Amino acid sequence: MTDPPMETTRFHVDVDRVRKHYDRLSFLYRMFWGEHLHHGYWTGGETVERAQIQLMEQLAQRAEIPRGSSVLDIGCGLGGSALWLADQFGCQVTGMTISPVQARMATRKAQARGLSDKVRFEVNDANHWQPEPKSFDVVWIMESSEHFPDKKHFLERCAIALKPGGTLAVCAWLRRDGSLSPSEQKVVATIAEAMMSASLGSLSNYRNWMLEAGLSVTAAEDITRYVEPTWAQCARMGENPALKFLVRFTGGPTRRFVKAFPLMQEAYSSGAMAFGLFVAKKP
């Protein structure tokens, strides 16, 4: 029996705006944050790059990624996870991104690293993706589901894409289980607008959606305290003179994006938002 569903926090996000954001800013991401466009996992004084790798290691360890498995990386960004999975586990990886610019950058990186035979990238909107049934051993989602308004049906499609015995591995931004105060709602709504989050589900939401998709959930963990330092790093990065100079020449959405970095610290600190790691298996 599943827990009662919790309310999902929804916002209007234009898909074209998400695409344009990544088309325009991927070079800045790479310049200031590196090839992995996701949180880090801190246990001490790690560098940003090492912490980002540690988050992938945590997810891969819990998911028990089989060597040589076929992986679909949804929201692959600049290809960081896809290339890491290919290099570390010999996986055959298909990376999916909404951004043609990211797909080109990731493809060039795969070629430069001699991984073109193991990794390929495609441009596709995951909101309308119709998977071929039983086509992948692993579906890997590193902080992209935040952009999708209908996560329940998205996760159902992920389950369809998995082969029997396959694994769904997810890291995601969350809202707290239960109600938010008016001030917390305001902070979360400001973040959602700036970060283009179409909806935020809770830990219970994600677990229940996976169960309803016919999957067996083996991990549903709140790891906020390990990833929270990400936003102190980002807030410091936002004060970088070079970044501040470049942001002056971008539009209002980019400036709101950078200004939201300290708000993420606030949302994590207050408990209004959290960060979840999930693994689910297909029977």
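The model is a predicted one, so local features need pLDDT of at least 70 and side-chain atom pairs count only at pLDDT 80 or more, while totals for chains, interfaces and linings use all residues. Residues are numbered from 1 along each chain as its sequence is written, and side-chain values use heavy atoms, with hydrogens and water left out.

F154 sits among the buried residues of helix α5 (residues 151-161), together with K151, L155, R157, C158, A159 and A161. Helices (H or I, at least four residues) and strands (E, at least two) are DSSP runs, numbered from the N terminus. What covers this buried set includes β2 (70-74), β5 (136-142), β6, β7 (199-200) and α7 (203-212). One of these elements, β6, spans residues 162-175 and holds T167. T167 is buried too, because its relative accessibility is 4%. Leaving aside residues up to four places away in sequence, T167 touches A63, D137, V138, V139, L162, V279, A280 and K281, where a contact means heavy atoms within 4.5 Å.

Now for the rings. Across the whole structure, a search turns up eight aromatic pairs; rings of Phe, Tyr and Trp (its six-membered ring) pair if their centres lie within 6.5 Å, with planes under 30 degrees apart called stacked, over 60 edge-to-face and the rest tilted. Y41 and Y226 make a stacked pair, at 4.6 Å centre to centre and 15° between the planes. That pair bridges distant parts of the chain, since Y41 is in the loop between α1 (15-32) and α2 (48-63) while Y226 is in helix α8 (residues 224-227), 185 residues apart. Y41 is buried at 7% relative accessibility, whereas Y226, at 23%, is partly exposed. F148 and F154 also pair up, with ring centres 4.6 Å apart and planes at 55°, so this pair is tilted. F148 is buried as well, at 8% relative accessibility. Ring pairs bring W129 in with F148 and F154 to form a cluster.

Charged side chains come next. Side chains of opposite charge can pair when their charged atoms come close. The count of salt bridges comes to 11, each being a side-chain nitrogen of Lys or Arg within 4 Å of a carboxyl oxygen of Asp or Glu. R19 bridges to D16, with the closest N and O atoms 2.5 Å apart. These two are three residues apart in helix α1, so about one helical turn separates them. Both ends are partly exposed, R19 at 25% relative accessibility and D16 at 41%.

Other bridges span separate helices. E193 and R17 form one, their closest N and O atoms being 3.4 Å apart. Because E193 lies in helix α6 (residues 182-195) and R17 in helix α1, this pair ties together parts that are 176 residues apart in sequence. E193 is partly exposed, with a relative accessible area of 36%. With E212 in helix α7 and K152 in helix α5, the pair ties together parts 60 residues apart in sequence. E212 is partly exposed at 42% relative accessibility, and so is K152 at 28%. Finally, salt bridges with shared partners join E35, K109 and R113 into one network.

Notes:
Buried means under 20% relative accessible area, exposed over 50%, partly exposed in between (1.4 Å probe, protein chains only).
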